[in-house]
Amino acid sequence: MENRKIGRIDLHTHSTASDGTMTPEQLVKHAAELGLKAIALTDHDTVEGVVEAMEAGERFGVIVVPGVEISLDYKGPKVDGRSGWMHLLVYNINLGGKLAAELSHLQKWRKNRNHRIIEKLRNLGLDISLDEVAAVAGGGQLGRPHFARVMLQKGYVEKLQDAFDKYLAKGAPAYEDKRRLSIKEALDLAIADGAVPVLAHPFSLGLSTQELHAKLKEWKALGLVGLEVEYPEHDDDYRESLTKMAEELDLIITGGSDFHGDNKPDVRLGSGINGNIEIDEKILGELVMKSGD
């Protein structure tokens, strides 16, 4: 695994528009420096950085696929000590479409959530303001990693993970849930806009292989188009299993690093952790073919 080459494309990346540490322009420039042919910008529940990334792509010679990663309403079995979670990657998203409009509504709700997190932290004795969190976010939407970074800067925790474990993780005293779409709602909106919906990092659902296969069949009937197989936390056996399921159900196979910059320092753009992902660039053509189906 360590000897794999850097992949030519990366279809799962984040910028300061959500919880990454590089601006969309910096992210695209970094991709160009690494020799990547293409990336997809898939920030959490927002498309605010897509235009900047696409414009940078033209300057730096990198194809930028407009995308988003949507947090869905799902509570699965425990994964790494917390309830399983479900994200949907949507590629070739229409920035003026119904899904983008719904994401804008969700962002407004999220702003109110951030005020509630600040109030809880202050009640716990942590002197943190929303302005400080916004400064760390660099102009993008605020998320828990930004709250965690302020806690680290102000000495309330010794490392970022402590902020989640003690305050921000689900069940912790400052946690506030966010409104989420159901899988059917998200698929309906994506398909109506001619976009390409792909299940992200299926390991996070906490399902057995048999359970996942049954769910994929159900979601395929609702409009699911692809499955993220290449992902840093998927081992070779799991990828082989996912590939088999995707082929049986006629789902396109995608992959990406889930790059967040310094917020996930072990994950490198285009190559994952120690070069453990490699994404076939032919996927780009499949995404184009599936758009608008």
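**Close-up views of the predicted model**

**View 1. The open sheet.** Seven strands form an open sheet of mixed pairing in the order β1-β2-β3-β6-β7-β8-β9 (strands are DSSP runs of E, at least two residues, and helices runs of H or I, at least four, numbered from the N terminus; two strands pair if DSSP finds at least two bridges between them). At the edges stand β1 (9-13) and β9 (252-255), each pairing on one side only. From one strand to the next, the twist averages 35 degrees. This is a predicted model, in which local features need pLDDT of at least 70 and side-chain atom pairs pLDDT 80 or more, whereas totals for chains, interfaces and linings use all residues. Residues are numbered from 1 along each chain as its sequence is written, and side-chain values use heavy atoms, without hydrogens and water.

**View 2. Strands β1 and β2 with helix α1.** β1 runs parallel to β2 (residues 38-41), joined by 3 bridges. Asp10 stands opposite Ile39 in β2. Helix α1 (residues 24-33) packs on the sheet and touches β1, β2 and β3 (contact: heavy atoms within 4.5 Å). The direction of α1 makes about 155 degrees with that of β2 (angles run from 0 to 180 degrees between N-to-C directions of axes fitted to C-alpha atoms, for helices over the stretch in contact).

View 3. Where pLDDT is low, the predicted coordinates should not be read in detail. The protein chain has a mean pLDDT of 92, with 97% of its residues at 70 or more.

Key:
pLDDT is the predictor's confidence in each residue, from 0 to 100.
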